[in-house]
Amino acid sequence: MKTQPSNSNEAMWRDIYSQSKIPEQLQTLQEVAVNLWWVWNHEGANLFRELDPAAWEETQGNPVALLQQISRDRVKQILNDANLMAKIDRVHNMFKAYMAEEFDRTKPSVAYFSMEYGLTNVLKIYSGGLGILAGDYLKEASDSHVDLVAVGFLYRYGYFTQSLAMDGQQIANYEAQDFTQLPITQALDDNGDPLTLEVPYPGRTVYVHVWKVSVGRVPLYLMDTDIPENSEWDRSITHQLYGGDWENRMKQEYMLGIGGILMLNRLGIKKQVYHCNEGHAALINVQRLLDYIRRDGLAFDEALEVVRASSLYTVHTPVPAGHDYFDEALFGKYMSEFPAGLGISWQEFIDMGRENPGSGEKFSMSVFALNTCQEVNGVSRLHGKVSQEMFAPVWKGYFPEELHVGYVTNGVHMPTWMAKVWKTCLFELFGPSFLHNQSDPHIWEAIQHMPDSDIWEIRRKLKNRLVEYIKIDYRDNWLKNQGDPSKVVSLLERINPNALLVGFGRRFATYKRAHLLFTDLDRLAKIVNNENYPIQFVFTGKAHPADGGGQGLIKHIVDISRRPEFLGKIIFLENYDMRVARRLISGVDVWLNTPTRPLEASGTSGEKAEMNGVLNFSVLDGWWYEGYREGAGWALTDKRTYDNQQYQDQLDAATIYHILEHEIIPLYFAKNSKGYSPEWIQYIKNSISQIAPHYTMKRMLDDYIYRFYTKLATRVKTLSDHNYAEARSIARWKREVAAHWNDFTVESLCYDDAVHPVVGEDNVVSVTIDRKQLKCALGVEMVYAKEDPDSHSLKFVSATPFRLIREEGSKLCFELKNRTAEFGRLKVGFRVYPINDKLPHRMDFAYVRWI
């Protein structure tokens with residue numbers, strides 16, 4: 001028989017997605033599912049879990065995906081289950097009651113911009129601490145009735161999913177998110193079609209779809225460029241968080257700033273305060289300047305007054321190298337058309353992003369934020385001081401200690417991170433007002449009266465949950481990458497809920513010093529193999545794919561964990577995300593943190609552990625520098641012994657071993673007949689009552705409102721009233737001062753360098769200045785400084801203003817009766833500065849002349 005030739009073309013396949021249809025009686029579930037309220041209200045999450053426990057686990061706790069795949073048979077069962085239907089109604093009514101509460105109009109309205117948001121593991125638009133903090137911030141803004149809108153990106157691939165190769169090497173897997181299965185809704189235009197935003201890029205338009213994430217009462221709008229209208233070159237703008245080269249980073253930050261403001265304009269949203277969460281968002285102020293110039297007819301410097309008065313920049317980075325800098329050529333490729341619209345030259349524009357204008361330096365997003373935001377803050381008390389040092393070159397003529405750069409210490413959203421068992425217990429103990437008054441330390445003192453046995457039972461329950469989670473969720477992964485199944489079985493058997501569990505979870509950057517514990521492996525082996533005092537260490541974390549050093553640390557720890565003496569004693573959990581974090585920070589006994597001081601700007605993982613009765617053992621850096629209390633945790637000193645970092649690491653490692661051997665382990669195992677250590681429980685009570693209330697997101701948000709938002713909202717209103725009369729007046733004053741600043745002369749300075757002041761005795765100094773054409777009021781002050789013996793730099797001691805004693809035409813006569821209060825070798829200087837009581841601080845117009 002003759003073979004017949006094939007007569008078929010290549011198959012053509014189309015993507016379709018079939019999903020369950022939810023009946024009308026259960027539509028309320030859909031309403032709750034697409035609002036992240038359920039993330040921090042356990043009644044909501046528990047309800048979805050109860051609908052289909054297996055699907056809940058399979059979807060990793062995603063209620064939208066769960067509802068899409070729930071079977072028809074299960075739907076019928078739910079409809080016929082009177083108790084479950086009643087629970088659905090009860091949870092829906094709780095949700096509606098929460099959403100019906102109005103914003104507190106006494107608090108300023110805020111627009112918040114961030115590259116990442118960690119709200120739930122389901123929505124992969126975060127990588128680590130910065131995003132988790134931003135997510136917590138939105139949740140607390142909702143709880144605290146703050147009228148806040150947030151702006152970010154809906155990443156197609158987000159941050160990577162981590163797995164480990166058999167040799168322990170990190171593998172970064174970028175998995176596309178299916179937007180139809182996420183708790184988000186697409187913004188529509190007036191015709192019911194997807195809203196498409198047009199963002200002008202050089203030589204082209206980039207089209208953007210907008211998605212809304214409802215975080216309780218707070219809307220988060222996410223931009224998405226991965227749509228057919230764009231070229232492949234531009235679709236990738238929102239593909240990966242912190243991915244690609246410097247040009248892709250430029251495109252992303254352009255979109256976050258320029259596109260973010262254009263999006264809010266399109267949505268008709270205007271707020272009183274604009275908050276940049278890191279320098280990535282600094283370009284919002286370029287578009288805002290353009291809007292004031294085009295819409296309201298303001299000149300550039302007038303618009304700058306209004307923009308500055310309504311802007312806050314929060315820095316999270318403790319070193320200059322951590323900020324974004326762009327070559328002039330690359331920056332000019334995307335921003336060259338803006339100066340003309342602003343009415344300034346290219347040189348003036350790019351110099352707004354340089355510490356030294358006219359120098360040819362790269363454009364710094366952080367410096368631009370400093371020059372366009374009235375207020376600036378670090379994220380802990382220590383980081384505030386570090387930030388003053390870091391930003392001092394921007395305001396020459398002033399010492400770091402004199403700068404307006406403030407701080408708000410980071411906190412964590414208690415309802416998200418405190419385990420349900422603790423929340424239930426503390427609400428009963430502290431009373432129904434606990435949630436609204438959670439930052440009041442007096443409320444937390446009641447924990448001291450809680451029975452020791454109850455606290456131990458909670459801690460035991462949470463530890464068992466962690467151990468069970470590790471054994472179930474990681475078994476298959478370990479079988480896949482360990483190679484020898486017998487080793488995996490042995491490892492699982494050795495995880496001991498009765499051991500002292502120490503946790504370490506964070507981004508694997510080299511300054512975090514995850515290697516510190518492994519400095520002396522012989523000593524560590526003795527510690528972990530003491531059968532009378534069993535102790536186990538659980539590590540987890542991701543390294544950026546471009547960070548070879550961080551990836552090497554992970555491999556090093558994994559290699560050590562597979563050695564016979566450490567098998568089951570050192571455990572590494574892969575793919576650190578919010579689900580792993582919630583188990584770990586509530587299930588271990590001690591939270592270990594070992595950064596190189598002062599490189600930990602704040603850190604919040606230890607704060608999350610704090611909310612669950614887990615004790616912190618950390619370097620005195622970041623939040624722990626101010627949070628540590630004796631008898632409530634342990635600390636490595638903030639003092640440095642060696643300049644050589646390797647020597648310092650060895651000393652710190654030896655200190656860790658010593659504290660473990662002589663303090664932590666003996667305290668934990670000083671157990672009574674009931675099986676627990678009363679002294680350990682007292683540490684937990686002290687930790688919760690003395691530390692936890694100071695590190696809630698509620699306290700953090702209140703600090704932002706009272707330290708920055710209210711101040712900004714009040715001032716921008718003053719500047720904007722009566723057709724921006726005050727803004728125009730200040731801009732005019734600054735122009736006049738700048739034009740004539742070099743005109744004034746110092747007629748006399750009566751100060752005898754040869755006479756050394758005596759402590760406690762008065763010295764009289766006088767200064768006469770002829771202002772010439774300069775019309776503004778002037779101030780003069782005497783400044784004392786002292787040379788630091790370590791850095792050999794000058795450190796600020798004091799600044800004392802002169803008193804204006806008379807004015808004769810253009811001449812000003814000043815006098816100072818000064819009593820020296822400082823001993824030793826000092827430097828003394830005199831400086832002149834312009835005075836205008838309409839300015840928020842001197843850095844707003846940092847003109848200084850030393851005389």
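## Helices, salt bridges and surface patches in a predicted chain

Seen as a whole, the chain has 31 helices and 28 strands, and its C-alpha trace spans about 110 × 70 × 65 Å along the principal axes. The radius of gyration is 30 Å, which agrees with the value near 29 Å that a compact globule of 851 residues would have. Of the 851 residues in the chain, 57% are buried.

Side chains of opposite charge can pair when their charged atoms come close. The structure holds 46 salt bridges, including the ones in this table.

| Salt bridge | N to O distance |
|---|---|
| Glu305 and Lys734 | 2.7 Å |
| Glu781 and Arg842 | 2.6 Å |
| Glu808 and Arg806 | 3.0 Å |

In the salt bridge between Glu305 and Lys734, Glu305 belongs to helix α12 (residues 300-309) and Lys734 to helix α31 (residues 697-740), so the pair ties together parts that are 429 residues apart in sequence. Both Glu305 and Lys734 are buried. The salt bridge of Glu781 with Arg842 likewise links distant parts of the chain, since Glu781 sits in strand β23 (residues 777-787) and Arg842 in the loop between β27 (827-835) and β28 (849-850), 61 residues apart. Here Glu781 counts as buried, at 3% relative accessibility, whereas Arg842, at 28%, counts as partly exposed.

In the pair of Glu808 and Arg806, Glu808 is partly exposed with a relative accessible area of 46%, and Arg806 is also partly exposed, at 43%. Salt bridges that share partners join Glu305, Arg308, Lys734 and Asp844 into one network.

The surface also carries patches. Arg49, Lys420, Lys461, Arg465, Arg582 and Arg583 form a positive patch, to which α21 (452-473) and α26 (578-587) each supply at least two residues. Arg49 lies in helix α3 (residues 42-51) and, at 34% relative accessibility, counts as partly exposed. A nonpolar patch is formed by Tyr642, Tyr647 and Leu651, which together have about 280 Å² of accessible area. Tyr642 is found in the loop between β20 (634-636) and α29 (645-668), and its relative accessibility of 37% makes this residue partly exposed.

Key: Residues are numbered from 1 along each chain as its sequence is written. This is a predicted model: local features need pLDDT of at least 70, side-chain atom pairs count only at pLDDT 80 or more; totals for chains, interfaces and linings use all residues. Side-chain values use heavy atoms; hydrogens and water are left out. Patches are made of residues with over 30% relative accessible area and no salt bridge: like charges are joined within 9 Å, nonpolar side chains (Val, Leu, Ile, Met, Phe, Trp, Tyr) within 5 Å. Accessible areas come from the Shrake-Rupley method with a 1.4 Å probe; for residues, only the protein chains shown count as cover. A salt bridge is a side-chain nitrogen of Lys or Arg within 4 Å of a carboxyl oxygen of Asp or Glu. Lys and Arg count as positive and Asp and Glu as negative; His and the chain ends are not counted. The place of a charge is taken as NZ of Lys, CZ of Arg, CG of Asp or CD of Glu. Helices (H or I, at least four residues) and strands (E, at least two) are DSSP runs, numbered from the N terminus. Buried means under 20% relative accessible area, exposed over 50%, partly exposed in between (1.4 Å probe, protein chains only). The radius of gyration is taken over C-alpha atoms; the globule rule is 2.2 Å times the number of residues to the power 0.38.
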